[in-house]
Amino acid sequence: MAEPAFDRSHILVLAYTLPRFGAQQYECEGTTIVLGRDETCQIRWNRTGVECVAPRHAEVVVKHGVPTIRAIDRRQTLWINGRRQVEAQVRDGDHLRLGRLDGPEVKIIRLVLQPTSEVPPIGTDDDPTAL
């Protein structure tokens with residue numbers, strides 16, 4: 001049976017990486033948010049000591065209307081709130097680790113879904129992530 005297609009909803013993510021591997025805050029938007037070491041990743045680690053993270057390690061997509069994180073290659077290790085998983089729903093406040101259990105960590109601060117046709121630019125008064 002074929003895997004269901006992913007929704008084309010727009011994802012707005014506000015997240016930060018924890019200090020051990022370089023603290024940084026991210027505001028990402030798109031239909032797919034990619035995490036890894038590659039220059040094209042929206043959430044990226046480029047420091048030494050993160051060799052356990054693949055160039056394109058994981059991605060946040062919308063599946064059946066629900067934000068979902070999944071390992072791009074099922075051989076890659078992904079931890080969601082301390083549990084090893086290949087794919088899982090992701091919510092505000094979740095902690096994601098890539099590679100080893102002590103690998104780089106991301107905390108999802110805010111995650112918002114919108115149909116692609118209704119996306120306001122980040123930083124405007126209509127932006128749902130604006131504080």
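Contact means heavy atoms within 4.5 Å. This is a predicted model: local features need pLDDT of at least 70, side-chain atom pairs count only at pLDDT 80 or more, and totals for chains, interfaces and linings use all residues. Residues are numbered from 1 along each chain as its sequence is written, and side-chain values use heavy atoms, with hydrogens and water left out.

**Gly-36**
- Gly-36 sits in strand β3 (strands are DSSP E runs of at least two residues, numbered from the N terminus).
- Gly-36 counts as buried because its relative accessibility is 0% (buried means under 20% relative accessible area, with a 1.4 Å probe and protein chains only).
- Leaving out residues up to four places away in sequence, Gly-36 touches Cys-41, Ile-43, Arg-44, Trp-45, Val-53, Ala-54, Pro-55 and His-57.

**Nonpolar core**
- A nonpolar core is a set of buried Ala, Val, Leu, Ile, Met, Phe, Trp, Tyr and Cys residues joined through side-chain atoms within 4.5 Å.
- The largest one has 25 residues, and Ile-43 and Ile-69 touch the most other members.
- Strands that each supply at least two residues of this core include β1 (10-17), β3 (33-36) and β11 (105-114).
- Contacts of Ile-69, beyond four places in sequence, include Leu-35, Val-60, Leu-78 and Leu-96.

**Thr-68**
- Thr-68 belongs to strand β6 (residues 66-71).
- Thr-68 is buried because its relative accessibility is 5%.
- Its side chain reaches the backbone oxygen of Val-66 at 3.0 Å.
- Among the residues Thr-68 touches, beyond four places in sequence, are Glu-59, Val-61, Lys-63 and Gln-89.

Note on methods
Buried means under 20% relative accessible area, exposed over 50%, partly exposed in between (1.4 Å probe, protein chains only). Helices (H or I, at least four residues) and strands (E, at least two) are DSSP runs, numbered from the N terminus. A polar contact is a pair of N or O atoms within 3.5 Å; within protein, one must be able to donate a hydrogen and the other to accept it, and residues adjacent in sequence count only if both atoms are side-chain atoms.
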